[in-house]
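This report describes the surroundings of a ligand and the pairing of strands in the structure shown below.

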Amino acid sequence: MNAPSFLQLMRRHPAAVNIIATGKAPHRTGMTVSAFMSVSAEPPTVVCAINRNAFSYAHMADNQVFSVNTLTVDHIELAKLFAGQAKVSGDERFDPLRWDQFESGSPCLRDAVMSLECRLIQQVDQGTHCLMVGEVISGRYSDLAMPLLYRDGQWVTTTQDLIKTAEQA
Ligand SMILES: Cc1cc2nc3c(=O)[nH]c(=O)nc-3n(C[C@H](O)[C@H](O)[C@H](O)COP(=O)(O)O)c2cc1C
């Protein structure tokens, strides 16, 4: 299959939107990432696919720690900012009112759906990207937050409607 056909298919795949971040102020970097998933609970492990040309890639590898911050519907502008769409780079992407830090120093988004503090334990190159495997050290979550999803070039979210319908049936 050629790349355009592949991309056309993958656009249909709905994905949660996250910011992967690393480093301590004033050397923080971060980027918007949808290619993220959990791998195993024992040990608690996650993986994300990072383009090796992205500014954050080398920093994640150097720091050996990173965070995963799952965005809410209120974070669309943040998702664009960390995707490089506002032409703001590096530490300037981090508003001090929105971000604090985990013990390892990795940035933690205060009102995220959930945030994970990860230790980089493996890197696997694949094509243009690198699979960054992280062991989860700690985490936080917010029960009330509505997650931000991306599908077919659109920002969308989840709905409880189908679940309610199933319960009523
Ligand atoms: C919704 C969305 C999802 C993205 N997912 C990924 C991803 O999974 N992996 C990746 O390497 N880049 C992904 N990107 C692109 C990066 O966010 C973008 O290339 C990067 O932040 C810009 O690079 P810079 O930080 O070097 O300026 C995504 C962008 C958007 C808008």
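## Ligand shell and sheets

By class, the shell around the ligand holds eleven nonpolar, six polar and no charged residues. Here Ala, Val, Leu, Ile, Met, Phe, Trp, Tyr, Cys and Pro count as nonpolar, Asp, Glu, Lys and Arg as charged, and the others, Gly among them, as polar. The model is predicted: local features need pLDDT of at least 70, side-chain atom pairs count only at pLDDT 80 or more, and totals for chains, interfaces and linings use all residues. Residues are numbered from 1 along each chain as its sequence is written.

The ligand is surrounded by 17 residues, a residue being near if its C-beta atom, placed from the backbone, lies within 6 Å. Met31, Ala35, Asn51, Phe55 and Gly84 are the closest. At least two shell residues come from each of β3 (29-33), β5 (44-51) and α2 (55-63). Helices (H or I, at least four residues) and strands (E, at least two) are DSSP runs, numbered from the N terminus.

Two open sheets have antiparallel pairing, where strands pair if DSSP finds at least two bridges between them.

| Strand order | Strands at the edges |
|---|---|
| β3-β2-β6-β9-β10-β5-β4 | β3 and β4 (36-41) |
| β1-β11-β12 | β1 (15-16) and β12 (154-157) |

Strand β2 (residues 18-22) is joined to β3 by five bridges, and Ile20 has Met31 as its bridge partner in β3.

Tyr150 has Trp155 of β12 as its bridge partner.
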